Amino acid sequence: MTTATKETLGFQAEVKQLLQLMIHSLYSNREIFLRELISNASDACDKLRFEALHNGSLFESDPDLGIRVSFDRTARTLTIADNGIGMSREEVVSNLGTIAKSGTREFFQALTGDQQKDAHLIGQFGVGFYSSFIVADRVTVVTRRAGLAADQGVRWESEGAGEFTLEMIDKPARGTEITLHLKEGQDDLLSGWKLREIIRRYSDHIVQPIVMKKEEWQDGEQVTTGEDETVNQASALWARPKSEISDEQYKEFYKHVGHDFDDPLAWLHARVEGRQDYTQLLYIPSHAPFDLWDRQQRHGVKLYVRRVFIMDDAEQLLPVYLRFVRGVVDSNDLPLNVSREILQESKDIEAIRAGCTKKVLGLLEDMAENRKEDYAKFWQAFGRVLKEGVGEDPANRERIAGLLRFASTHADTQEESVSLADYIGRMKEGQDRIYTVSADSFTAAKNSPHLEIFRKKGIEVLLLSERVDEWVLGNLAEFDGKPLASVAKGGLDLGKLEDEAEKQAQEAQAGEFKELVGKMQASLGERVKEVRVTHRLTDSPACLVADEHDLGGNLARLLKAAGQKVPDSKPILEINPGHPVVQRLKHEETRFDDWSAVLFDQALLAEGGQLEDPAAFVRRVNALMLEMGSR
Ligand SMILES: Nc1ncnc2c1ncn2[C@@H]1O[C@H](COP(=O)(O)OP(=O)(O)OP(=O)(O)O)[C@@H](O)[C@H]1O
Ligand SMILES: [Mg+2]
């Protein structure tokens, strides 16, 4: 049944916007359209081969998968054809009329209107099929899905403005044929030499043969002959010996598997033999994709079995905290009909995952050691994800901890560049712990009153301000034999960092303030676990600390915000005996309760907490100010 009716449909609004942007900002990069179309054709062949594992009849009578590129100088058209999976009518409508990618909204929000910046963003987003309109003012797609009848062919056509037409047609051969009607000024693409050059540069690694008609010189002119010629190497890049692969080829392959426009930061390529036999070619991207935080994101590591594509984003191949890695794993042992369910149970996959994890950590260690600038870039893009590994992967905890970078009081900037090893290298004589402070922002951490004594004594403290940092602290008790200690938890014990004279002076003061401490404790009642004198403060009158085994204030607030039940633990109020406010409190009679409450509330605010009764705080402060003013 062939209906002669031709329908006109509108593009989704985002498609129109993307088309506009792409045509204008990627113009100087126009050659990428061919890479994108060939990459789609290759994906389509992979998909067919995979579906045919379960249903051999999909091959129809044409099992040799390939891609053909041809051109017609007179008609000024360029055609890219494949005998892959093809598309049904519904698939055409949704694949070539909408953008179904995750991260689409984030992408459009990130656009600036500045062409150069936006061109870069489009590259990160993945340009895909729509890039045809960089060089064409009309694109015709003729396709039929494998397994459907010959009269289920579809013809899609568009001028890339607001709409496209659809028509059912006869298409005896399965697969997809994309014809570009070139814009004015694009005629240099109608040359076998030029096309071969572009294909070799961008698509050499494509596994299927990319075929063109041979050309010959006749009477001073290039003419195409009837003979076919394969233009690319058409062998799996990862299966070739390393010595035969250039950096350029590695990078182009990354752009294909990683769906990225930029070069990767680093890669590793290794064949593992032994109990498991597999090849890995894994890449570290140079920037985070739009959907890094989306647990559903789909471009991960591709799994192949003996060169046959099995699946995209085989999440069992790497732990979640390495989800930024892109690339290919090709196993020689797994069965071809392996499914996601089988992967979950498979001991072979467990071994491959452990192997890939070790290699990736090794690659990162190497980068951290020998390419510090690149490592800083990596850390900025993916540090927060890697931190998850401290809790997720106990077997590799120490190695992951070695890769962590923090902000600290050493430089006092937000930049995370201090490793735990750097910190240990700078520890003071007699210091046996790695000190940390955590708050919900860098500024709050940096200005935390708990740091005062540490700053005075020149002891470095790591400044933690990301949610995942609490997770790191909860899972990392020590590094290189040195325990991590929060400066806002437990009593201040600087151990050998204090001398005898200091300790004696403190004991004397504790005695001197004993009465005040008792009075404050009675006044604050249920709000505190304890009031005590501290020496951690130099400028602030008071601060809150958590008891050794209670949750820290920052963590308790994070958990509450996340809707979790938090055990009710009260803070300890520590007061600074050297502070004038605390000293005058010793002799305060009438407004003692107000002063105590204000000190407590201040301390809570300073560590990023919220007041239970802010209005009462304001009232008390005003009353105290008025009273002081009237003296
Ligand atoms: N030659 C083809 N054969 C079959 N399906 C195709 C072909 N070309 C495109 N498609 C379909 O159209 C969809 C959109 O292609 P497009 O290149 O825009 O995005 P993508 O390949 O999914 O992602 P990327 O942005 O990384 O290229 C593809 O996912 C695929 O389903
Ligand atoms: Mg594509």
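**Note on the predicted model: core, sheet and domain contacts**

1. Leaving aside neighbours within four places in sequence, Leu462 is in contact with Phe406, Ser408, Val418, Tyr423, Ile434, Tyr435 and Thr436 (contact: C-beta atoms, placed from the backbone, within 7 Å). Leu462 is also among the residues with the most contacts inside the largest nonpolar core, together with Met22, Val301, Val325 and Val437.

2. This is a predicted model, in which local features need pLDDT of at least 70 and side-chain atom pairs count only at pLDDT 80 or more, while totals for chains, interfaces and linings use all residues. Residues are numbered from 1 along each chain as its sequence is written, and chains are lettered from A and ligands numbered from 1 in the order in which they are written.

3. The largest nonpolar core holds 144 residues. Such a core is a set of buried Ala, Val, Leu, Ile, Met, Phe, Trp, Tyr and Cys residues joined through C-beta atoms within 7 Å, where buried requires 20 or more other C-beta atoms within 10 Å of a residue's own, again placed from the backbone. Helix 2 supplies the largest share of this core, eight residues (helices are DSSP runs of H or I, at least four residues, and strands runs of E, at least two, numbered from the N terminus).

4. Nine strands form an open sheet with mixed pairing, in the order 1-6-5-4-7-3-2-8-9 (pairing: at least two DSSP bridges between two strands). Its edges are strand 1 (6-10) and strand 9 (221-230), each pairing on one side only. From one strand to the next, the twist averages 20° (axes are lines fitted to C-alpha atoms, for helices over the stretch in contact, and angles run from 0 to 180 degrees between N-to-C directions).

5. Strand 2 (residues 67-72) pairs with strand 3 (residues 77-82) over six bridges in the antiparallel sense; Asp72 stands opposite Thr77 in strand 3. Helix 2 (residues 32-52) packs on the sheet, touching strand 2, strand 3, strand 7 (175-182) and strand 8 (210-218), and its direction makes about 20° with that of strand 3. Helix 6 (residues 192-203) also packs on the sheet, touching strand 2, strand 8 and strand 9, with its direction at about 145° to that of strand 8.

6. An automatic or database domain assignment gives domain 1 (7-214), domain 2 (241-374), domain 3 (376-495) and domain 4 (501-629). The centres of domain 2 and domain 3, taken over C-alpha atoms, are separated by 30 Å. Between these domains, 20 residues of domain 2 are in contact with 14 residues of domain 3. Helix 9 (347-370) gives the most to the side of domain 2 that touches domain 3, with six residues.

Definitions and conventions:
Contact = placed C-beta atoms within 7 Å. Buried ≥ 20, exposed ≤ 12 C-beta atoms within 10 Å, placed from the backbone.
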